[in-house]
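Subject: Structure handover

Hello,

I am passing on the structure below.

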Amino acid sequence: MRTKKFAFQLLVLFVIAATLLSACGGAATEAPAAATEAPVVEAPAATEAPVMTEAPVVDPMAELYAAALEEGMLTTIALPHDWCNYGGMFEGFKAKYPGIEVNELDPGAGSGEEIEAIKANKDNPGPQAPDVIDVGLAFGPSSKDEGLIQPYKVATWDDIPDSAKDAEGYWYVDYYGVLAFEVNTAEVANPPAEYADLLKPEYNGQVALSGDPLTSNAAALSVWAAGLATGATGDEAATAGLEFFKQLNEAGNFVPIDGDSRTVGIGETPILIDWNYNSIANDMALAGNPDLVTNVPTKGSIAGMYVQAISAYAPHPNAAKLWMEYIYSDEGQLKYAEGFCYPIRYNAMMAAGTIPAEISAQLPSTEGAFFPTIDEINSAKAVISEGWPTVVGVEVKPSP
């Protein structure tokens with residue numbers, strides 16, 4: 001056996017020679033072999049034991065993902081890619097959970113149309129039946145009351161404020177923003193700042209809503225906001241909003257089509273009342289061709305929350321649950337924030353330090369905005385739905 005404990009070459013040579021002579025003797029090597037082999041065998045055993053006791057890392061979504069893969073599809077509805085960064089949300093979901101086809105129904109639909117799609121497809125397990133919905137706040141409780149949605153609590157449930165979710169898990173807010181004027185500056189030299197400005201003759205044939213007030217949450221709230229800007233409150237503000245749009249229509253300023261980023265960009269509806277996050281995102285997407293400005297009125301500023309829910313008749317319930325888990329995860333909530341929407345877990349994520357400073361800094365202010373309750377929204381919408389056909393008397397049609 002060789003050793004490095006001897007410093008002199010002579011002694012080293014002596015040991016080598018002795019070892020060679022012992023090898024010739026055969027039996028003389030047995031004792032040293034036993035003495036040296038014992039620690040060699042025991043040492044690995046002692047070091048391997050702690051490694052064997054480590055628990056394997058388990059993906060908490062693995063079982064749900066496997067069940068969703070068996071279903072193979074997720075059907076969404078009314079989620080335009082340029083709305084609150086849903087394009088990025090779809091990409092992130094597909095990358096994280098490959099093998100699940102995302103079937104997108106009618107991206108331009110309003111909240112009311114989403115509810116009707118559930119009703120119309122109760123007995124239809126095919127691709128026309130939505131698994132999940134993203135609707136205005138007031139549609140959550142009403143959908144629960146009608147038995148159209150099913151309960152499910154995501155892993156991050158505790159981060160969602162109690163005021164922004166159903167206690168039993170039937171619906172929960174996912175994001176929010178405030179209404180603003182999205183203005184094409186190539187067509188409008190002096191962008192309006194307040195609702196009263198919209199009545200000016202210079203805006204003839206230029207003002208539109210982002211939807212039909214009879215079915216769209218954003219459009220109905222826009223009518224209400226115009227009434228709130230007059231100083232009225234509650235149902236009186238809803239009535240005042242109807243009168244405002246009657247004047248706007250009679251002046252020739254109102255364009256009765258469902259406006260969007262395309263109609264704003266081409267000048268068909270150069271002034272659109274829409275959520276501030278959509279306006280900012282559209283401006284960035286157009287990259288100066290043309291330039292858009294986003295003006296949030298100081299009078300009648302109103303915030304809107306949207307909620308998620310799973311259809312009670314979802315053909316792909318596990319894929320729906322996995323989708324919910326994704327959009328309420330840190331990754332999904334950041335996708336909303338990247339689209340200039342306030343994610344509902346914003347406060348909790350800020351406290352945990354999981355929202356990068358640059359993303360938080362880009363979120364538009366909601367200071368001074370009115371956050372209506374569900375009851376207030378329902379009451380105002382009832383006034384608007386009933387009064388729009390007779391007071392304003394114009395049908396808002398889909399954009400060509």
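Asp-106 is partly exposed, because its relative accessible area is 45%, which falls between the 20% and 50% cut-offs. Please keep in mind that this is a predicted model.

Backbone

Most residues other than glycine have a negative phi, and most peptide bonds are trans. Asp-106 is not a glycine, yet its phi is positive, at about 30 degrees. The residue sits in the loop that runs between strand 2 (101-105) and helix 5 (111-120).

Ala-287 is another non-glycine residue with a positive phi, here near 50 degrees. Its place is the loop between helix 10 and strand 9. Is Ala-287 buried or exposed? Its relative accessibility is 64%, and since exposed means over 50%, Ala-287 counts as exposed.

The loop between helix 10 (276-286) and strand 9 (292-295) also holds Pro-290. The peptide bond that joins Asn-289 and Pro-290 is cis, with omega at about 0 degrees.

Aromatic pairs

How many aromatic pairs does a search of the whole structure find? The search gives 26. Two of them are described here.

One is formed by Tyr-86 and Tyr-175, whose ring centres are 6.4 Å apart. Their planes stand at 75 degrees, and an angle over 60 counts as edge-to-face, so this pair is edge-to-face. Tyr-86 belongs to helix 4 (residues 86-96) and Tyr-175 to strand 5 (residues 172-184), so the pair ties together parts of the chain that lie 89 residues apart in sequence. Both tyrosines, Tyr-86 and Tyr-175, are buried.

The other is the pair of Trp-224 and Phe-370, which is also edge-to-face: the distance is 5.9 Å centre to centre, with 75 degrees between the planes. This pair links distant parts of the chain, 146 residues apart. Trp-224 is in helix 7 (residues 217-228), while Phe-370 is in the loop between helix 14 (357-362) and helix 15 (374-392).

Which of these residues is buried, and which is partly exposed? Trp-224 has a relative accessibility of 1%, and because buried means under 20%, Trp-224 counts as buried. Phe-370 has 29%, which lies between the 20% and 50% cut-offs, so Phe-370 counts as partly exposed.

Regards

Note on methods
Residues are numbered from 1 along each chain as its sequence is written. This is a predicted model: local features need pLDDT of at least 70, side-chain atom pairs count only at pLDDT 80 or more; totals for chains, interfaces and linings use all residues. Side-chain values use heavy atoms; hydrogens and water are left out. Helices (H or I, at least four residues) and strands (E, at least two) are DSSP runs, numbered from the N terminus. Buried means under 20% relative accessible area, exposed over 50%, partly exposed in between (1.4 Å probe, protein chains only). Rings of Phe, Tyr and Trp (its six-membered ring) pair if their centres lie within 6.5 Å; planes under 30 degrees apart count as stacked, over 60 as edge-to-face and the rest as tilted.
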